[in-house]
Every structure is written in C-alpha cells, then in structure tokens.
Amino acid sequence: MPGLMLLDTPSLYYRAFYGVPESMTAPDGMPVNAVRGVIDMIAMLVRQHSPGELAACMDADWRPAFRVAAIPTYKAHRVASGDVEEVPDTLSPQVPVIEQVLDAVGIARVGVPGYEADDVMGTLAVRAKGQVDIVTGDRDMFQLVDDGRPIRVLYTARGVKNLEPVDEAAVTARYGVPGRSYADFATLRGDPSDGLPGVPGVGDKTAATLITRFGSLTALLRAVDEGGDLTAGQRAKLSAARDYLRAAPAVVQVVRDVPVPELDLALPAQPRDPQALAALAERYGLGGPLGRLSQALAQAAG
C-alpha cells in the first residue's frame, strides 16, 4: 500500500554534492551538482516506491541548543564560526535552489525552528497511520524502526540506487540490539561524527551485550548504582562516565513530539507553480532532471 516517505534532505544533498561531479553547472557556470543529484534521487525514489505521501525534512537548526547544552561537543567539529555550520563553498548556494525546486514542484518541505530534520522525521513517522519509509544515511534513525507500525529506514550508505531496507531484523543482525534500543546502544558506543565521545573502553560488542542484558540505559545505570550484574571493569568504566550517560540521551534520542504544522503531504501530480519551475529549469539548466521528476510524480500520483 502507498505510504509516507520521509526524506532526510540534508543527507541527500550532501550525498548528491559528493556523488555528482561539479562539472554539472548552470548556464552561468554555477555548480548545480547537488541540485541535479537531489532531483534525480527523488525521481528514482518515487519511481521505485510509489509513495502516497512525501515530505522533504530540513534542518531548521542543525545544532539545536538543547543538544549543545547536554553535550557541548555535539557537532562542534563542524562549526565554521558562531552557530554557522561549515559547508563546502560550492554547496551553500545550491541549498536555496533545492528548496525553491521543492516548493515549485509541490513537495512538502518542512523544518521546525530549534530542531533538526531527524526530529521532524521522528515526529511525522510516529504520527503516520500507515507504512513509513525514512530515506537517510544517518544511523541514528534506526531507533525509529518498528515493524509493528510499520516504520523502516531506506539506508543510503551505498547510494540511492542501492538502498538497504532496514527493519527490526536488520538492526538486530547488524548491532545485536532491537531498533528501539539503538539510541541507548549508540549512547554507550559514541559517535565521533556527531562529537559524542561514548564510554571509553566500550565498543559495539560490549554496548550491545550490556543493553541486551539490562534492557535499557536507565536499567543499566540503576545496576551501576545498586550493584547489579557487572564486572569490576564494566562498573568502573560506566561509573566514570555517569555524567555523560545521564546527559547524552537528550542528544541521541530523536524527538517525537516536535510542533510540526499541519501539512499537505500528498504526492503532487502536477507542479504547484509551473511558471516558477520553468524559470528555475531555464536559469539553472535543470530541464532534464525536472522532466524526469515530473514524469515520475505524475505516474505515481495517477
């Protein structure tokens, strides 16, 4: 049955930027490799999966204050200055073009001040009534995988042409924990790409063993405090990292109650603003990709 497809738009445009040559330029010479790549990615996703609803989720705040307050190192290595993210010079001008294209096509684009795209996706996923596919290269979204709802991740690590469907069995096979425990597992293990140190000396296997044995990070910390079934070494490592372990869940856990406004997520059969879309196609040389996207949307919606 057609369901809801949620796009981790920043993840897609970074993948497109690094995957499509910068020799793809607009008539004025501006690189449009990320723009073209994202358009073709969406067209391919629509053709292959025929979703009934589609939302392009954005980072209205790439480094939310509540996460930085919990763990000051959160994404700190990606700060250019102040609160500005370090973004490749030739990618920055393309992001507004991607947004204009999405708006002209009629694909719902949503970001909420103070939250990341992850949180928007988490909120829309748990609100949904039917099947949800989350298209992302971010492993943090594995915590949302739920066969019962059902929610799965279409993981882009090997590219959009080679999507890896991730359900509960896939999470367990890969990490040794169910999807609902992935956030606790990731908190213990850490994630250098997000500036999360993890617990020194605790890797994937130990993190999976501890979460499986105790069921949750909360129960594990209770065992540390109350003399539960832990080796002396495990107890020492976890005790030393207690402050981190109490703060990190606010960073790792996807927010599922973001105040997302009411949206029309229906797949657009026709462009919302054909005139604007034609102008974008001419200015940036996007006739081919936009033609493929329009055809894919019309076929899926019809």
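Leaving aside neighbours within four places in sequence, Gly114 is in contact with Asp61, Pro64 and Phe66, where contact means heavy atoms within 4.5 Å. This is a predicted model, in which local features need pLDDT of at least 70 and side-chain atom pairs count only at pLDDT 80 or more, while totals for chains, interfaces and linings use all residues. Residues are numbered from 1 along each chain as its sequence is written, and side-chain values use heavy atoms, with hydrogens and water left out.

Gly114 sits in the loop between β5 (108–110) and α5 (117–127). Helices (H or I, at least four residues) and strands (E, at least two) are DSSP runs, numbered from the N terminus. Gly114 has a relative accessibility of 29%, so it counts as partly exposed. On this scale buried means under 20% relative accessible area, exposed means over 50%, and partly exposed is in between (1.4 Å probe, protein chains only). From Gly114 to Arg174 there are 60 residues in sequence and 32 Å in space, C-alpha to C-alpha.

Now take Thr136, which belongs to strand β6 (residues 132–136). Is Thr136 buried or exposed? Its relative accessibility is 0%, so Thr136 counts as buried. Apart from neighbours within four places in sequence, Thr136 is in contact with Asp8, Ser11, Met141, Val153, Leu154, Tyr155 and Thr156. The side chain of Thr136 also reaches the backbone nitrogen of Asp138 at 2.9 Å.

Helix α9 (residues 217–226) has several buried residues: Leu217, Ala219, Leu220, Leu221, Ala223 and Val224. An α-helix has 3.6 residues a turn, so residues three or four places apart point the same way. Against which helices do the buried residues of α9 pack? They pack against α7 (182–189), α8 (204–214), α10 (232–240), α11 (242–247) and α12 (249–252). Just after α9, Gly227 takes a positive phi of about 75°.

The whole chain comes last. The protein chain has 14 helices and eight strands. Its radius of gyration, taken over C-alpha atoms, is 21 Å, close to the 19 Å that the globule rule gives for 302 residues, so the chain is as compact as a globular protein of that length. The globule rule is 2.2 Å times the number of residues to the power 0.38. Along its principal axes the C-alpha trace spans about 70 × 45 × 35 Å. Of the 302 residues in the chain, 49% are buried. Among contacts with a separation of 6 or more, 67% come from residues 24 or more positions apart.

Notes:
Polar contact = N/O pair within 3.5 Å; in protein donor to acceptor, adjacent residues only side chain to side chain.
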